[in-house]
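Thanks for coming, everyone. Please have the sequence and the model in view while I talk.

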Amino acid sequence: MKIKRYLMLLAACTFFLGKSFAANNEKPFVIPELQEWRGAQGMFTPSATSRIVYVGKDPSVARVANQFAEDYETMFGRRLAVVQGRASAGDFVLSLSGDKQLGEEGYVVKIADRVTISAPKSKGLFWATRTILQMTEQNSDQALSKGSMRDYPDYAIRGFSLSRWISCATM
């Protein structure tokens, strides 16, 4: 009887410890690097019925959704339908949010049974779709690591320095 109890306790501990040590997804590699990432377990893989759904009536959100669909088709040879309204599992969802701390170009993305993208401005939605496309490109089945991210630029103006390139070219 003691051995049976011991084996049951050992099995339960193994099961629960195994669950607690399961690894969450690591921060995806994208350029520029994400400011914040909270990994979850598993992958989101777009299905044959996946769509791009935009919420609200702002025409700039519809433009970003259509641009995302065009770029997705160019990169992966598959056109995702763009619709306004309610999203289902498997969809990419774009909406404006009231989180003004993100600034004009910041965004939040949650990847679970659907990919939910929100930003205070359509500029942020656009940059979020660039990040999603970079992540999608890294897997042959276009799967995305589940998790959530908050991203925003370090500086008010995007740019890079040409001084080093120019000095090397003149040598």
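First, the ground rules. This is a predicted model, where local features need pLDDT of at least 70, side-chain atom pairs count only at pLDDT 80 or more, and totals for chains, interfaces and linings use all residues. Residues are numbered from 1 along each chain as its sequence is written, and side-chain values use heavy atoms, with hydrogens and water left out.

Now the layout. How many helices and strands does the protein have? It has four helices and seven strands. Here helices (H or I, at least four residues) and strands (E, at least two) are DSSP runs, numbered from the N terminus. Along the sequence, the order is α-β-β-α-β-β-β-β-α-β-α.

Next, burial. Of the 171 residues in the protein, 34% are buried. Buried means under 20% relative accessible area, exposed means over 50%, and partly exposed is in between, with a 1.4 Å probe and protein chains only. The protein exposes about 11200 Å², and carbon and sulfur atoms supply 58% of that. Those areas come from the Shrake-Rupley method with a 1.4 Å probe; for residues, only the protein chains shown count as cover.

Now contacts, meaning heavy atoms within 4.5 Å. Take the contacts in the protein with a separation of 6 or more: residues 24 or more positions apart account for 66% of them.

On to the helix pair. Two packed helices are described by the angle between their axes and the distance between the axes. Find H2, residues 59-76, and H3, residues 122-137. They pack at an angle of about 15 degrees, with their axes 10 Å apart. That makes H2 roughly parallel to H3. The cut-offs: under 35 degrees is roughly parallel, over 145 roughly antiparallel, 65 to 115 roughly perpendicular, and the rest oblique. Axes are lines fitted to C-alpha atoms, for helices over the stretch in contact, and angles run from 0 to 180 degrees between N-to-C directions.

H2 passes H3 in a right-handed crossing. Right-handed means the near helix is turned clockwise from the far one by less than a right angle; anticlockwise is left-handed.

Who makes the contact? On H2, the residues include Val61, Val64, Phe68 and Tyr72. On H3, they include Leu125, Phe126, Ile132 and Leu133. The contact residues divide into ten nonpolar, five polar and three charged. Nonpolar covers Ala, Val, Leu, Ile, Met, Phe, Trp, Tyr, Cys and Pro; charged covers Asp, Glu, Lys and Arg; the others, Gly among them, are polar.

Stay on H3 for Gln134. Not counting residues up to four places away in sequence, Gln134 touches Val30 and Ile31. Its C-alpha atom is 8.4 Å from that of Phe29, 105 residues apart along the chain.

Ile31 brings us to some backbone geometry. Most residues other than glycine have a negative phi, and most peptide bonds are trans. Ile31 and Pro32, however, are joined by a cis peptide bond, with omega about -5 degrees. Pro32 lies in the loop between H1 (2-20) and E1 (36-44). Then there is Gln142: not a glycine, yet its phi is positive, about 60 degrees. Gln142 sits in the loop between H3 and E7 (144-151). It is buried, at 19%.

Back to the loop between H1 and E1, where we also find Leu34. Leu34 is buried, at 3% relative accessibility. Beyond its neighbours within four places, Leu34 contacts Lys27, Pro28, Tyr107, Thr131, Met149 and Asp151.

Last stop, Tyr54, in strand E2 (residues 51-54). Tyr54 is buried, at 15%. Outside four places in sequence, its contacts include Val61, Ala65, Val82 and Leu94. From Tyr54 to Val82, the C-alpha separation is 7.6 Å, for residues 28 apart along the chain. Val61 is also among the H2 residues that meet H3.

That's my tour. Over to you for questions.
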